[in-house]
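Keep the 3D view open as you read.

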Amino acid sequence: MLARYEKLIARGELRADPDQRRAAVRLDVLQKELEAEQPGGLLAQLFARKQTRPQGVYMWGGVGRGKSMLMDLFHERLSISEKRRVHFHAFMQEVHEEMRLARQTHEGDPIPPVAAKLAQNLRVLAFDEMVVNNSADAMIMSRLFTYLIHEQDVTIVTTSNRPPTDLYKDGLNREHFLPFIDLISQELEVVGLNGPTDYRLDRIGDMPSWHTPVGDDATAKVREVFFRLTDFDPEDAANVPSGELAIGAKRSMHVPKSLKGVGVFSFKRLCGEARGAPDYLAIARAFHTVIIVGIPQMGPDQRNEAARFVTLIDALYEHRVKLFATANATPDALYNAGDGSFEFERTASRLNEMQSDEYMAMGHGAEH
């Protein structure tokens with residue numbers, strides 16, 4: 001894959017970046033190791049030494065540093081059939097479903113049969129955007145990945161916005177998750193891509209993030225942002241994937257459009273329904289960019305919606321989430337009369353700040 005990466009730079013399709021190149025070199029080594037281990041004929045299999053599982057790779061860094069691009073390039077150029085690339089949220093949804101089925105058909109611990117099923121005809125598993133948002137996932141991941149790596153000999157390649165030591169930071173019962181962090185440090189080489197340039201921002205240039213009024217023109221602009229940030233083909237817009245975002249251990253939220261850390265929501269879905277801080281914190285942790293469509297100009301009869309919107313924006317702001325929106329008013333005119341309208345002035349101020357170049361340049365996460 002290194003040759004392909006360098007060709008893209010030579011053509012001017014990518015900009016030379018030392019962190020990216022270091023990661024590309026490491027992935028190129030892994031590609032060669034995996035391809036060299038492809039089984040031969042029966043005699044070769046009989047007399048060959050048992051191959052050791054190649055060490056995986058954990059790429060981390062801020063939004064837009066090229067992690068997903070390198071992951072795509074690695075998976076595309078890897079010439080073995082026993083490979084899989086999946087978004088981490090989708091994988092964990094699959095894991096929960098497989099565990100539910102395993103409990104119905106197996107007695108005892110569901111982790112071993114689930115790991116065995118997931119590892120069928122698989123030598124390398126590539127994840128995008130590893131993140132841990134709840135204690136249920138935290139407790140499952142440590143044991144599941146131990147089985148996948150040590151018992152099933154699966155090589156793991158993953159990306160994340162955070163270094164391993166910051167995964168599930170300050171989370172409930174985090175002590176149960178610490179063995180997973182140890183597993184990463186032992187079995188995956190950690191490669192940082194945390195340079196100063198956010199290449200994803202380059203794609204949206206100086207496109208405004210707040211569009212008024214609500215209508216076809218505003219919708220077209222945030223739609224363009226979505227496709228630029230996700231590299232999804234606009235011609236295939238009808239097939240943009242949706243997702244289910246876990247809210248705690250027993251509840252989830254449907255995300256109408258969810259891809260590569262970009263989530264699309266309607267104001268009605270987010271603030272017109274009974275939601276609270278846990279919902280909004282889950283969104284802020286899971287998505288580096290949120291697109292909200294249909295924000296109305298609110299009056300006294302929408303005080304509940306306004307209060308929820310305040311909580312939502314607080315969560316997005318504190319986690320440095322990039323916000324793109326279609327609205328029927330500017331932030332300063334969204335909610336000028338009604339209970340809490342005075343307090344709403346702070347939200348309007350935050351919304352204005354979130355449109356600034358300085359805010360847009362910040363990395364995703366509450367610790368920044």
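Start with a salt bridge: the side chains of R228 and E224 meet at 2.5 Å, N to O. This is a predicted model. Both residues belong to helix 10 (residues 216-230), where they sit four residues apart, about one turn of the helix. R228 is partly exposed at 31% relative accessibility. E224 is partly exposed too, at 34%.

The whole structure holds 25 salt bridges. One of them links the side chains of E6 and R21, at 2.4 Å from N to O. E6 lies in helix 1 (residues 2-10) and R21 in helix 2 (residues 18-36), so this pair ties together parts that are 15 residues apart in sequence. E6 has a relative accessible area of 33%, which makes it partly exposed. R21 is partly exposed at 38%.

Now look at R275 and D279. Their side chains form a salt bridge at 3.1 Å, N to O. Is R275 buried or exposed? R275 is buried, at 18% relative accessible area. D279 is buried as well, at 2%. Salt bridges with shared partners join R251, R269, E273, R275 and D279 into one network.

Five strands form an open sheet in the order 2-3-4-1-5, with parallel pairing. Strand 2 (83-87) and strand 5 (188-192) are the edges, each pairing on one side only. On average, neighbouring strands are turned by 15 degrees against each other, direction ignored.

Strand 1 (residues 56-60) pairs with strand 4 (residues 155-160) over four bridges, in the parallel sense. There, M59 has T159 of strand 4 as its bridge partner. Helix 8 (residues 178-187) packs on the sheet and touches strand 1 and strand 5. The direction of helix 8 makes about 90 degrees with that of strand 5.

Notes:
Residues numbered from 1 in each chain as written. Predicted model: local features only at pLDDT ≥ 70, side-chain atom pairs only at ≥ 80, totals over all residues. Heavy atoms only, no water. Pairing = 2+ DSSP bridges. Helix = DSSP H or I, 4+ residues; strand = E, 2+ residues; numbered from the N terminus. Axes fitted to C-alpha atoms, helices over the stretch in contact; angles between N-to-C directions. Contact = heavy atoms within 4.5 Å. Salt bridge = Lys/Arg side-chain N within 4 Å of Asp/Glu carboxyl O. Buried < 20%, exposed > 50% of the residue type's maximum accessible area, 1.4 Å probe, protein only.
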